[in-house]
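Student: I would like to learn how to read a structure I have not seen before. Where do we begin?

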Amino acid sequence: MIRSYFSAALMVLGLWAAPASAEEPFIIVQSTTSTQNSGLLDYILPGFEAESGIDVRVVAVGTGQAIRNAINGDGDVLLVHARPAEEQFVADGWGVERQDVMYNDFVLVGPAADPAGVRGEADILAAFSAISEAQAPFASRGDDSGTHKAELGHWGAAGIDPSTASGTWYRETGSGMGATLNVASGMDAYALTDRATWLSFGNRGTLEILVEGDPRLFNQYGVILVNPDKHPAVRATAGQRFIDWLTGPDGQAAIASYKLDGEQLFFPNAK
Amino acid sequence: MRSFAEEFSFALTLIFQGDAELWAIVLLSLQVSIFAALIAAALGMPIGAALAVARFPGRRALIVLMNALMGFPPVVVGLLVYLMLSRSGPLGVLDLLYTPMAMIIAQVVLVTPIIAALTRQVVETLAEEYAEQLRSLGVSRLASVPVLLWDARLALITAFLAGFGRAIAEVGAVIIVGGNINHVTRVMTTTIALETSKGNLALALALGTILIAIAVAVNAMVSTLTLRAEKEGLRHA
């Protein structure tokens, strides 16, 4: 009896010993769901890790939360897509410097039946106005993410305040891109999504791309080192090395070579 | 979307072919939740037993509070532990955020009230049964706690399993304090959340089925141990 307790305890301790392997240097990157859900980071990071010996640990949340986590010092590098918020982050002293990394674009997806009749519309603002007039269901991120900020920008530019329709045709999911697409798919709603997440999304239902190509749908990603003057624990050397790699020829080539079903998802444009 | 049957057989293939990535995730889930449940038991059982036998003003209120904490929302626990462990938080210097230890801490906070409340229930009944005997032996109320815990050990295994079940099944707390970092803090539930958000619903469901199977296996194992212990107990009696 006692022996069986003892062996059970040993088994548990054995379980515990396994992950306590030698601690290798690592950095924490606060990033967005789109870079993770699209599979980009899983694809490019092993190259950097092999070359540098630095383990990159990615926390994928919305851009708003990623920036707040970085302000709290809970990350070494910020890789997000909301330029004004990023510039504010640096201006407030939380980040060292902002650099362009890559871009892709947003697309408006919606049910094939297209109740608002926006298919093929070249102007995203006209499409948003049509959805609002038709009071067709629209699934918004509603989570202060980069995509959410971009979507709110389009509503504002179209002179529409969707918050008055909140809970009726305008539905704020308050969750990530994939979760919001699941909602849109379930209720045949329109949604604004980055193309990378859309291409790798597995539960489209009747949803398809209805509006794309408007220059206003441009989606720029930037990278910032969290300021070690604000948070001395920031792994600045390793973090800077990652940024240099990401914006250098090797990282840029890795980004360009990531394809899903033959389609390139992100376009490197570091200067 | 592939059919559920296809995804499920894909998930089974990963398991039985010993897919290292999947096994590492399963193993980490078990490590984190078993350790959290053990620590929570070490804290919660004495607390629960003490509450069962001790008599002091405010005891009733404390029991009500503890019972209410059984329904503590995991996401709130996650947020509280995040604020403690953040580099800007009081325990930031420990550098525990986004580690398995952070997930264990969150689960301990979540599970301790459950184990304490269930222990209180079990021990209180037992204490009433033994009251006369203990009094005649001149054992004080608090001194009787270890004896009562030992005699209630078989019932307390259920309390432990309830705690373990809550720990391994929750996602709200560990995704905040662990960050769902691949190869570091990614466990079964956060993997399921991630696959769901990728729209891989069938794969997510298949992983969920595996999680249930693990829970059943752990419970069966403990139940076998308990049964054997009961039999031995009878033989020695």
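Student: Which residues is Leu78(A) in contact with, leaving aside its neighbours within four places in sequence?

Tutor: The general idea is to look past the chain neighbours and list what else touches the residue. This is a predicted model, and in it Leu78(A) is in contact with Gln30(A), Ala66(A), Ile67(A), Ala70(A), Gly95(A), Val223(A), Ile224(A) and Val226(A).

Student: Which core has Val77(A) and Leu78(A) among the residues with the most contacts inside it?

Tutor: That is the largest nonpolar core, which has 103 residues. Its residues with the most contacts inside it also include Val81(B), Ala106(B), Ile115(B), Val123(B) and Val177(B). The element that gives the most to this core is helix α5 of chain B, residues 100–136, with 18 residues. There is also a second, separate core of 29 residues, which includes Phe106(A), Ala116(A), Ala189(A) and Trp198(A).

Student: Gly95(A) was on the list for Leu78(A). Why does Gly95(A) count as buried?

Tutor: Burial is read by counting neighbours, and 20 or more other C-beta atoms within 10 Å is the cut-off. Gly95(A) counts as buried because it has 24 C-beta neighbours inside 10 Å. Gly95(A) lies in strand β4 of chain A, residues 95–111. Not counting residues up to four places away in sequence, Gly95(A) touches Leu78(A), Phe89(A), Val90(A), Ile224(A), Leu225(A), Val226(A) and Asn227(A).

Student: How many residues apart in sequence are Gly95(A) and Lys230(A)?

Tutor: They are 135 residues apart in sequence, while their C-alpha atoms are 8.7 Å apart in space. In chain A, among contacts between residues at least 6 apart in sequence, 75% join residues at least 24 apart. For chain B, residues 24 or more positions apart account for 79% of the contacts with a separation of 6 or more.

Student: Which residues of helix α4 of chain A are buried?

Tutor: An α-helix has 3.6 residues a turn, so residues three or four places apart point the same way. In α4(A), residues 63–71, the buried ones are Thr63(A), Ala66(A), Ile67(A), Asn69(A), Ala70(A) and Ile71(A). The cover over them includes strands β1, β2, β3 and β9 and helices α5 and α7 of chain A. Just after α4(A), Gly73(A) takes a positive phi of about 85°.

Student: How do I read two helices that pack together, and at what angle do α3 and α11 of chain A cross?

Tutor: Take the distance between the axes, then the angle, then the residues that touch. The axes of α3(A), residues 40–52, and α11(A), residues 249–256, come within 9 Å and cross at roughly 155°. An angle over 145 degrees counts as roughly antiparallel, and therefore α3(A) and α11(A) are roughly antiparallel to each other. The crossing is right-handed. On the α3(A) side, Ile44(A), Gly47(A) and Phe48(A) make the contact, and on the α11(A) side Asp250(A), Gly251(A), Ala254(A) and Ile255(A) do. By class, this contact of α3(A) with α11(A) has four nonpolar, two polar and one charged residues.

Student: What is the angle between α6 and α7 of chain A?

Tutor: Their axes come within 9 Å and cross at roughly 80°, which means that α6(A) is roughly perpendicular to α7(A). The residues in contact are Ile124(A), Leu125(A) and Phe128(A) of α6(A) with His154(A), Trp155(A) and Ala157(A) of α7(A).

Student: What does a helix pair in chain B look like, for example α2 and α5?

Tutor: α2(B), residues 20–53, packs against α5(B) at an angle of about 35°, with the axes 5 Å apart. This crossing is right-handed. The contact of α2(B) with α5(B) has 25 nonpolar, six polar and two charged residues.

Student: How many helices and strands do the chains have?

Tutor: Chain A has 11 helices and 12 strands, while chain B has 10 helices and zero strands. Of the 271 residues of chain A, 47% count as buried; of the 237 residues of chain B, 42% do.

Student: How many residues does the contact take from each chain?

Tutor: It takes 27 residues from chain A and 26 residues from chain B. On the side of chain A that touches chain B, α1, α2, β2 and α8 of chain A each supply at least two residues. That side divides into 13 nonpolar, 12 polar and two charged residues.

Technical notes:
Residues are numbered from 1 along each chain as its sequence is written. Chains are lettered from A and ligands numbered from 1 in the order in which they are written. This is a predicted model: local features need pLDDT of at least 70, side-chain atom pairs count only at pLDDT 80 or more; totals for chains, interfaces and linings use all residues. Helices (H or I, at least four residues) and strands (E, at least two) are DSSP runs, numbered from the N terminus. A residue is buried if 20 or more other C-beta atoms lie within 10 Å of its own, exposed if 12 or fewer, and partly exposed in between; C-beta atoms are placed from the backbone. Two residues are in contact if their C-beta atoms, placed from the backbone, lie within 7 Å. A nonpolar core is a set of buried Ala, Val, Leu, Ile, Met, Phe, Trp, Tyr and Cys residues joined through C-beta atoms within 7 Å. Ala, Val, Leu, Ile, Met, Phe, Trp, Tyr, Cys and Pro count as nonpolar, Asp, Glu, Lys and Arg as charged, and the others, Gly among them, as polar. Axes are lines fitted to C-alpha atoms, for helices over the stretch in contact, and angles run from 0 to 180 degrees between N-to-C directions. Angles under 35 degrees count as roughly parallel, over 145 as roughly antiparallel, 65 to 115 as roughly perpendicular and the rest as oblique. A crossing is left-handed if the near helix is turned anticlockwise from the far one by less than a right angle, and right-handed if clockwise.
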